[in-house]
Amino acid sequence: MKYSIFSLARAAFSGHKNWQRTWRDASPKNHYDVVIIGGGGHGLATAWFLASEYGISNVAVLEKGWIGSGNAGRNTTIIRSNYGLPGNTGFYELSMKLWERMEQDLNYNTMVSQRGVINLYHSDAQRDAYARRGNTMRINGIDAELLDLAAVKKMMPFLNFDNARFPVQGGLLQRRGGTARHDAVVWGYAHAASALGVDIIQNCEVTSFVRDANGKVTGVETSRGTIGAGKVGMAVAGSSSRVAAMAGLRLPIESHVLQAFVSEAIKPLIPNVMTFGAGHFYVSQSDKGGLVFGGDIDGYNSYAQRGNMPVMEDVCEGGMALMPMIGRVRLLRQWGGIMDMSMDGSPIIDKTPVDGLYLNAGWCYGGFKATPGSGLVFAHLLARDELHKEAARFRLDRFRRGAMIDEKGVGAQPNLH
Amino acid sequence: MRIVCPFCGERELGEFTYLGDAKPLRPAAGTSEDDVFDYVYLRDNVAGAMSEHWYHGGGCRAWLKITRNTLTHEISSVEPAAGVGARQVAK
């Protein structure tokens, strides 16, 4: 099924009743060249890049629930590449460039909207830190603009500029940043990967790894039978430790819950994605009009996919500090997702010490924006057995070597990243 | 989630700060690099009942050892964390 203006017109004339399924719900075969555990954005993107860039289409994506039912459907849909440390800067820009061509690549409307991401600053020190980050981005060929107060006032006149404790002084703007429709990203990759022969297998939970006499992983036992594999890739952020434990691995990761929120729909207000720099609050407005926002993780280990009141209060206070007029807007929905919080706040994409098993994990709460980049570099690793040059620092052994990529500089305390 | 502090009674979660898994113990000085790496970076990341350290900063400022299920957030026990203060409480 190829989508175009003509297919849309044809379907319109038949009352939109004849749309075909956009991807194939497959049953497992006995053996695949590559089996990817996890049918979220990263797993499906990896499968698509394997098939489209590296010519490996005998691939299965195993998902224990339905595709996109984990963090791919639970995020705040923000895309950006405003990172400051070597390793992150190049990787997230690679991902940003892939977002910019995603809809053409996948023949799927993922509603990529480059409406801009602005990080507000509230003190001289924070301005200096943002100027430094913006300069780092520009040196690396990424767009960044440091806005002063007048420019922010012009762009967002509705903010509270009379906040005596945390006055808005300006912001760091990345115009190419923005949002994408998260569910459409999952379905877009499923659509394009399925068309190239990738098997997407739902309700298929991996229960153990099959290993040969040398310990090499040669397949997986699942709730739908044994599936052989040349290589197995894990893309199960949130549950990485649990899946890795089946192979006897302990990871530098803790699972934490992050909440997100949507308000009732209001008239168009917020033109971009913006963050409050004096607390932790980020917000955009969906096309339906709801304010989509979030803040810090709850801060305690959790696999429960739901959070607690103190963080809800803290997040909403952040919103109120910027925009007191939203105080009477009602909260429509709130939910939680489970984050792979790594020990330095950056991801891990590497071979594991177990032969045949590859790891894509540790995305903390920044995995959505990384979806296409993660898929490309993980596919590269699986296909070529070597690290992609833009992901060469996301090694599993970097903690051992002291080569941390710690943007926030808080050390090995995952709940503070 | 509310925590029944052994000193203050039932209090809301916002009064408490989380440290993490209570199982890793700081290795003795002069131990191997492997042990230090394991202590600082590797975690069991338990899915189920886990013993962990919390700090009651908004109350008695005691360190607590809490057994909590990470799948459900159900708390099954709260006791003073091992230390000088805890030993005094135990008398």
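**A tour of the predicted model**

Start with α3(A) and α9(A): their angle falls within 65 to 115 degrees, so the two helices are roughly perpendicular to each other. This is a predicted model. Select residues 88-106 of chain A for α3 and residues 371-384 of chain A for α9. They pack at about 110 degrees, and their axes are 7 Å apart.

Now show the side chains where they meet. From α3(A) come Phe91(A), Tyr92(A), Leu94(A), Ser95(A), Leu98(A), Trp99(A) and Met102(A). From α9(A) come Pro372(A), Gly373(A) and Leu376(A). Eight of these residues are nonpolar, two are polar and none is charged.

Next, go to the largest nonpolar core, which has 117 residues. Select Val35(A), Ile37(A), Leu44(A), Ala47(A), Val59(A) and Tyr189(A), the ones that touch the most other members. Centre on Tyr189(A). Beyond its neighbours within four places in sequence, Tyr189(A) contacts Gly41(A), Leu44(A), Ala45(A), Trp48(A) and Leu106(A). A separate core has seven residues, including Ile3(B), Cys5(B), Leu13(B) and Ile66(B).

Then select residues 34-78 of chain A. An unreviewed UniProt entry places "domain: Rhodanese" here. The stretch is 29% helix and 20% strand, with its end C-alpha atoms 30 Å apart.

Finish where the chains meet. The contact takes 21 residues from chain A and 17 residues from chain B. On the chain A side, select α7 (240-245), β12 (253-265), β15 (290-301), α8 (309-322) and α10 (398-401); each supplies at least two residues. Colour that side by class: 10 nonpolar, seven polar and four charged.

Methods. Residues are numbered from 1 along each chain as its sequence is written. Chains are lettered from A and ligands numbered from 1 in the order in which they are written. This is a predicted model: local features need pLDDT of at least 70, side-chain atom pairs count only at pLDDT 80 or more; totals for chains, interfaces and linings use all residues. Two residues are in contact if their C-beta atoms, placed from the backbone, lie within 7 Å. Helices (H or I, at least four residues) and strands (E, at least two) are DSSP runs, numbered from the N terminus. Ala, Val, Leu, Ile, Met, Phe, Trp, Tyr, Cys and Pro count as nonpolar, Asp, Glu, Lys and Arg as charged, and the others, Gly among them, as polar. A nonpolar core is a set of buried Ala, Val, Leu, Ile, Met, Phe, Trp, Tyr and Cys residues joined through C-beta atoms within 7 Å. A residue is buried if 20 or more other C-beta atoms lie within 10 Å of its own, exposed if 12 or fewer, and partly exposed in between; C-beta atoms are placed from the backbone. UniProt positions are given in the numbering used here, feature names are shortened, and annotations may be inferred rather than shown by experiment. Axes are lines fitted to C-alpha atoms, for helices over the stretch in contact, and angles run from 0 to 180 degrees between N-to-C directions. Angles under 35 degrees count as roughly parallel, over 145 as roughly antiparallel, 65 to 115 as roughly perpendicular and the rest as oblique.
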